[in-house]
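User: I've got a structure to go through with you. Could we take it one question at a time?

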Amino acid sequence: MKRSRVNQILEEGDAFIRSFGYVMPPFAYLAPDEMQRRRHDLSGIVEARLGWDITDYGQGRFDELGLFLFTVRNGRAEDLMRGRGMLYAEKIMISRKEQLSPMHRHVVKAEDIINRGGGKLVLELFMSDADGDPDRTAEVSVMTDGIPRTLPAGGLLALAPGESVTLLPGVWHAFWGEGADVLIGEVSTVNDDLTDNVFHEPIGRFAAIEEDEPPLHLLVSDYDRLLSR
């Protein structure tokens with residue numbers, strides 16, 4: 001993706017989020033040079049990989065295959081393994097109308113996916129088979145706002161604004177907005193986007209950025225390159 005396109009998506013996404021009354025934390029708006037100057041002070045943000053995340057999954061088709069994310073808070077994998085400490089994470093996301101977030105599962109992370117407003121959020125769901133692949137025969141059992149739901153393999157679950165689904169590790173899911181763009185909340189156990197996303201197709205988690213203009217704000221995928229100690 002060109003950086004100019006990333007900057008445009010970032011501004012559009014920020015406006016969309018604000019239209020629902022959701023206020024981003026102050027660190028969202030730090031300029032890249034300020035983050036570089038304050039790298040020591042911001043170590044908690046950088047090391048937890050909090051911040052902007054705009055991805056086309058390395059495919060160059062963001063409008064069709066992509067997702068807008070902002071990680072608001074995130075704990076440590078070490079604490080999760082010990083069973084105490086900051087064991088949770090939170091994201092705010094945007095799934096555009098008919099924009100696919102591709103089929104994937106998590107090994108460790110359990111998550112609530114919440115429709116915070118806009119259109120319907122549609123999820124395609126599979127359980128995992130013995131090899132960890134999508135099971136094309138087994139029914140899918142999930143909790144939706146505390147109520148159990150059972151769907152056939154590959155069943156579509158449509159969430160209206162205010163509704164949510166709990167996805168446990170191993171549940172395969174793809175999702176997209178239906179009818180309009182969707183503001184999505186995610187509340188989960190500790191999030192590790194570097195190692196805990198298993199995609200059904202061989203695609204990347206992050207976008208490759210072509211630097212055609214300066215970044216408006218850094219993406220989490222910029223941190224290792226631009227904010228290294």
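User: Which elements do the buried residues of α1 pack against?

Analyst: Bear in mind that this is a predicted model. The buried residues of α1 are R3, V6, N7, I9, L10, G13, D14, F16 and I17. An α-helix has 3.6 residues a turn, so residues three or four places apart point the same way. The partners of those buried residues are β1, β2, β3, β10 (172–189) and α5 (223–226).

User: How far does α1 reach from its first C-alpha to its last?

Analyst: α1 has 16 residues, and at 1.5 Å a residue the expected reach is 22 Å. The model comes out close to that, and the reach of α1 is 22 Å.

User: Which element gives the most to the largest nonpolar core?

Analyst: That core has 31 residues, and W52, I54, F70 and Y223 touch the most other members. At least two residues each come from α1 (3–18), α3 (43–48), β1 (51–55), β2 (67–74) and β3 (88–95). With five residues, the top contributor is α1.

User: What does I54 touch, leaving out residues up to four places away in sequence?

Analyst: I54 is one of the members of the largest core that touch the most others. As a general point, nonpolar side chains tend to be buried together in soluble globular proteins. Leaving out those sequence neighbours, the contacts of I54 are M1, V6, I9, L10, F62, L67, F68, A207 and L219.

User: How many residues are in the other core that lies apart from it?

Analyst: Among the members of that other core are Y57, L69, M93 and L159. Y57 sits in the loop between β1 and β2, and at 3% relative accessibility it counts as buried. The size of this other core is 21 residues.

User: What is phi of Y57 near?

Analyst: Most residues other than glycine have a negative phi. Y57 has a positive value without being glycine, and so does E98, in the loop between β3 and β4 (101–105). For E98 phi is near 65°, while for Y57 it is near 55°.

User: Is L167 buried or exposed?

Analyst: L167 is in strand β9 (residues 164–167). Leaving out residues up to four places away in sequence, L167 touches K109, A110, E111, I113, L123, L125, V142 and H173. Its relative accessibility is 1%, so L167 counts as buried.

User: And is L156 buried or exposed?

Analyst: L156 belongs to strand β8 (residues 155–159). Even with residues up to four places away in sequence left out, L156 touches V122, L123, E124, L151 and W176. Still, the cut-off for exposed is over 50%, and L156 has a relative accessible area of 51%, so L156 is exposed.

User: Which element gives the most to the lining of the largest pocket?

Analyst: The largest pocket holds about 350 Å³ of space. It is lined by 18 residues, and E47, A48, N74, G75 and N191 are the closest to its centre. Two or more lining residues come from each of α3, β2 and α4 (77–82). With four residues, the one that gives the most is α3.

User: How many charged residues does the lining of the largest pocket have?

Analyst: Split by class, the lining has five nonpolar residues and six polar ones. That leaves the charged class, and its count in the lining is seven.

Conventions:
Residues numbered from 1 in each chain as written. Predicted model: local features only at pLDDT ≥ 70, side-chain atom pairs only at ≥ 80, totals over all residues. Heavy atoms only, no water. Core = buried A, V, L, I, M, F, W, Y, C linked by side-chain atoms within 4.5 Å. Buried < 20%, exposed > 50% of the residue type's maximum accessible area, 1.4 Å probe, protein only. Contact = heavy atoms within 4.5 Å. Expected span 1.5 Å × (residues − 1). 1 Å grid on protein atoms, 1.4 Å probe; cavity = no way out; pocket = protein on both sides within 12 Å on 5 of 7 lines; lining within 4 Å. Points joined across faces, edges and corners; volume = space filled by probe spheres on them. Nonpolar A, V, L, I, M, F, W, Y, C, P; charged D, E, K, R; others polar.
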